[in-house]
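Here are a few exercises for getting to know a new structure. Try each task yourself before you read its solution.

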Amino acid sequence: MWWKPLGSDSRVKLLVTYLSVSILAVILVAQFIAAAERPDEPKALAVVNSAVEETSAGISGIGVISAEPIDDASAMDPSREAAAGPELDDPAQTVSPGNASERRGLQKPSRSGASTMAPDRLDDTGSRYEAAAAARGDGHAGLQARDAGPTLDLAPAPQIVRSHVKRVGIQVGHWKAAELPAELATLRTATGAYGGGVTESQLNLDIAKRVASLLEAKGLNVDVLPATIPPGYQADAFVSLHADGNASGLRNGFKLARATSSAMPAKDDALLADVRDEYRAATRLRWDDNITSDMTGYYAFANRRLKHTIAPTTPAVILELGYLTSASDRLTLFGKPDAVAAGIARGILRFLGLGEE
Ligand SMILES: [Zn+2]
């Protein structure tokens, strides 16, 4: 034993010293631990809390996607997600509130009014819009409807009525020519004839609107179309309105043509004859025989090489209303626009079997 050589006094002293040092050491260690723990406490707790938030946030996300009850307040509490801090940037977190609101909207509609979340309100507005559109007989409503509620009950009836209504396209020559597509870029600057202070597109638009009013009054669907034709445009009749110009001012009269490349020349010729006869009777303008290749090769008919054209199954003609550069033609075109429009409308109605005779 290592204490054997020492005397009893020395042993007692040593024991007292040893105990004193030990007690002091224990106190020092305890104080050190206490001192060391205190400043670290908030940090350590924050780390633990963060881990808890992350876990619970993950759980709430999963709960929304699974068939868990949606009225779990923790899944919807925005303050909780705010507390989670950076985790909000996680895509899963961004998605889950939307899902939750959708599901809640479906299962408990009475609560959606109290919600501050946008998707619920958008959904409600959308449904009302679809229902209103369906009530109007809007053809798009059936395709866009998101729920099978009132839409299916209301849509079919107007749809059946619409399918029997004839459609007529009246093109306003040169109107919005600057908006022509790339395949017709060379025609963007083709503004047409000019005379008596009026551009061709101004005259064409004025007459087209009058024709449209007359045909709509007969219950037809009418499209007043600009220079750009919707690709593959389908209608029961299509008439392109233009007016002529001539530098000498001596030429006058109107003329009509159909496409030389027509897929159904007989039908086009029937439309041409009906419009020609009614137009001549209404306006008393002279028939002009000088049909040009610009008319027979008109771009809106060229469905074999262009996209923005009528469909091959749309009966179509191009009508030169008269000469804007002719003072005598202007007396009719400017002075009797209703007669001009009536001639065109009667010709179309006759072709469609809706004439008054
Ligand atoms: Zn023209």
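## A first look

The chain holds 14 helices and seven strands; helices (H or I, at least four residues) and strands (E, at least two) are DSSP runs, numbered from the N terminus. This is a predicted model, in which local features need pLDDT of at least 70 and side-chain atom pairs count only at pLDDT 80 or more, while totals for chains, interfaces and linings use all residues. Residues are numbered from 1 along each chain as its sequence is written.

## Exercise 1: The chain as a whole

Task: find what share of the chain's 357 residues count as buried, and what share of the contacts with a separation of 6 or more joins residues 24 or more positions apart.

Solution. Start with burial: a residue is buried if 20 or more other C-beta atoms lie within 10 Å of its own, exposed if 12 or fewer, and partly exposed in between, with C-beta atoms placed from the backbone. By this rule, 29% of the 357 residues are buried.

Next come contacts: two residues are in contact if their C-beta atoms, placed from the backbone, lie within 7 Å. Among contacts in the chain with a separation of 6 or more, 72% are between residues 24 or more positions apart.

## Exercise 2: The largest nonpolar core

Task: say how many residues the largest nonpolar core has, and which element gives the most to this core.

Solution. A nonpolar core is a set of buried Ala, Val, Leu, Ile, Met, Phe, Trp, Tyr and Cys residues joined through C-beta atoms within 7 Å. The largest one has 55 residues, and those with the most contacts inside it include Val-239, Val-275, Ile-344 and Ile-348.

Now look at the contributors: β1 (167-172), α10 (200-217), β4 (221-225), β5 (237-244), β6 (255-257), α11, β7 (316-323) and α14 each supply at least two residues. The most comes from α14, with seven residues.

Then zoom in on two members. Leaving out residues up to four places away in sequence, Val-239 touches Ile-170, Val-275, Val-317, Leu-319, Ile-344 and Ile-348. Val-275 belongs to helix α11 and is buried, with 24 other C-beta atoms within 10 Å. With the sequence neighbours up to four places away again set aside, the contacts of Val-275 include Val-239, Leu-256 and Gly-347.

For background, nonpolar side chains tend to be buried together in soluble globular proteins.

## Exercise 3: How α11 meets α14

Task: work out at what angle α11 and α14 cross, and which kinds of residue make up their contact.

Solution. First, the geometry: axes are lines fitted to C-alpha atoms, for helices over the stretch in contact, and angles run from 0 to 180 degrees between N-to-C directions. The axes of α11 (residues 265-283) and α14 (residues 337-351) come within 7 Å and cross at roughly 150 degrees. Therefore α11 is roughly antiparallel to α14; angles under 35 degrees count as roughly parallel, over 145 as roughly antiparallel, 65 to 115 as roughly perpendicular and the rest as oblique.

Second, the residues: those that meet include Leu-271, Val-275 and Tyr-279 in α11, and Ile-344, Ile-348 and Phe-351 in α14. The contact of α11 with α14 divides into twelve nonpolar, three polar and five charged residues. Here Ala, Val, Leu, Ile, Met, Phe, Trp, Tyr, Cys and Pro count as nonpolar, Asp, Glu, Lys and Arg as charged, and the others, Gly among them, as polar.

Third, a distance: Val-275 and Phe-351 are 76 residues apart in sequence and 8.0 Å apart in space, C-alpha to C-alpha.
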